[in-house]
Amino acid sequence: MAFKWKWTNLAVAAAMGMMASTAAAAEHASIQTEHVDAPVLESTGFDVVPVSDGGWIVTGSKDRQFTLQKFTQQGNLLWETAFYPGLVGKAIIETTDGGYLAGGQTFYQSDEVGVQAFLIKVDKDGNMEWLQEVGDKAFDSITSIAELTDGYVLSGSLFEANTTKSALVHIDKQGQNIQFVALSSYFPANEAFVSSTLATNDGGILITNRQEKALPDAGVQVSTKLVKLNAAFQKQWELMLPGDVLSGKVLPDGAIYAARGISGNLNLTRVDATGKITWTRTHASGSTQYYEINGYDIAASPDGGFVIAGALSSTSSQTGYLLKVDASGNKLWDQTLYSNNSWIQGIASNGSNQFAVTGHVHLLGTPVPKLFFTLLQTNR
């Protein structure tokens, strides 16, 4: 039996004080197909990307194992595989050789080993080519991967061996020659967490880091430093962005970032290739129940706009959320994937009005959260 979502137009819901019907919301996005796990313990999806054969690949966690799932363009599950001692896959890319590289973290193994960053390379059919664990008794995790001409750069919560200094990890195409690129030259805090790493068209990368400033009233002002590095990991320029950046997407002439702003708002910022902010837009939830928007991923739409995926949060629960904006960041529509404790962690587009989303849903009356992979069709 198909798993049915309830989609909600927030403006209608706010006006009526209740959830809108699926039919009323379908003018914006309609479900083409969906897959929902049936885990023994729990499952969750973290990242989804379109692949060159027209299908999709998802990484996440299922029954406390690092998992990959490959879907056809129509949303049918082709294969699923799990890897030990990985606990969760948080990021995945299709590599130029037609395979896939996914990263995340291991489970806690012992005081001697700790939690390590986990990286695995597979071929197009999911067969393992190599794996690497990177870490030194720290709670290391990979949350972002970018492919460069000479290898891959990994970011997240990563530290140089035997230090507490945050770093990028540079690794070659065979998973060897691991190098730590110290971030202390770019960010003031040694324990800087890199929330987003994007490969740029000139062979460089864009990295982001949360910054906190204490205020006289004992509050904290949060912003994000954006640093552009060239292919030799040398700084070219830097820029401060408003809010706490959770996701970004590289564009032909720059990048767009989604950040958690003040009072639970969502900040969208468009940056050009020279480090100039071209626009910033702030979006509120429009809901009396859910006060905070989290934008966990961004996908471009063929009309030049973007769909931001994430969750609306209240004090006790969260619900999956989509926000569609035009090329200037102005809101066109928003919808929720309504259920108890659900979120959309990843979104991807194949260049048309078809979008794939993944995350997890924990419905009332069900024992565990479940990974979902859903294909949506939008009319704009």
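**Exercise 1. A salt bridge and its surroundings**

Classify Arg 270 as buried, partly exposed or exposed from its relative accessibility, and then describe the salt bridge that its side chain makes.

*Solution.* Step 1. Arg 270 has a relative accessibility of 14% and therefore counts as buried. The classes are as follows: buried is under 20% relative accessible area, exposed is over 50%, and partly exposed is in between, for a 1.4 Å probe and protein chains only.

The model is predicted, so local features need pLDDT of at least 70 and side-chain atom pairs count only at pLDDT 80 or more, while totals for chains, interfaces and linings use all residues. Residues are numbered from 1 along each chain as its sequence is written, and side-chain values use heavy atoms, with hydrogens and water left out.

Step 1. The side chain of Arg 270 meets that of Asp 253 in a salt bridge of 2.9 Å, N to O. A salt bridge requires a side-chain nitrogen of Lys or Arg within 4 Å of a carboxyl oxygen of Asp or Glu.

Step 2. Asp 253 lies in the loop between S19 and strand S20 (254-260), and Arg 270 lies in strand S21 (residues 266-272), so the pair ties together parts that are 17 residues apart in sequence. Strands are DSSP runs of E with at least two residues, numbered from the N terminus; helices are runs of H or I with at least four.

Step 3. Asp 253 has a relative accessible area of 42% and is partly exposed.

**Exercise 2. Further salt bridges**

State how many salt bridges the whole structure holds, and examine the pairs of Lys 62 and Lys 121.

*Solution.* Step 1. The search of the whole structure finds 16 salt bridges.

Step 1. Lys 62 pairs with Glu 80, and their closest N and O atoms are 3.3 Å apart. This pair links distant parts of the chain, since Lys 62 belongs to strand S4 and Glu 80 to strand S6, 18 residues apart. Lys 62 is buried at 19%, whereas Glu 80 is partly exposed at 32%.

Step 2. Lys 121 meets Asp 97 in a salt bridge of 3.1 Å, N to O. Asp 97 is in the loop between S7 and strand S8 (100-106) and Lys 121 is in strand S9 (residues 117-122), so parts that are 24 residues apart in sequence are tied together. Lys 121 is buried, at 1%, whereas Asp 97 is exposed, at 54%.

Step 3. A network of salt bridges links Arg 210, Asp 244, Arg 260 and Glu 292.

**Exercise 3. Backbone angles**

Locate Asp 63, Phe 233 and Pro 85, and describe the backbone there.

*Solution.* Step 1. Most residues other than glycine have a negative phi, and most peptide bonds are trans.

Step 1. Asp 63 lies in the loop between S4 and S5, and its phi is positive, near 50°. At 22% relative accessibility, Asp 63 is partly exposed.

Step 2. Phe 233 lies in the loop between strand S17 (220-229) and S18, with a positive phi of about 60°. Phe 233 counts as buried, at 11%.

Step 3. Pro 85 lies in the loop between S6 and S7. The peptide bond that joins Tyr 84 and Pro 85 is cis, with omega about 0°.
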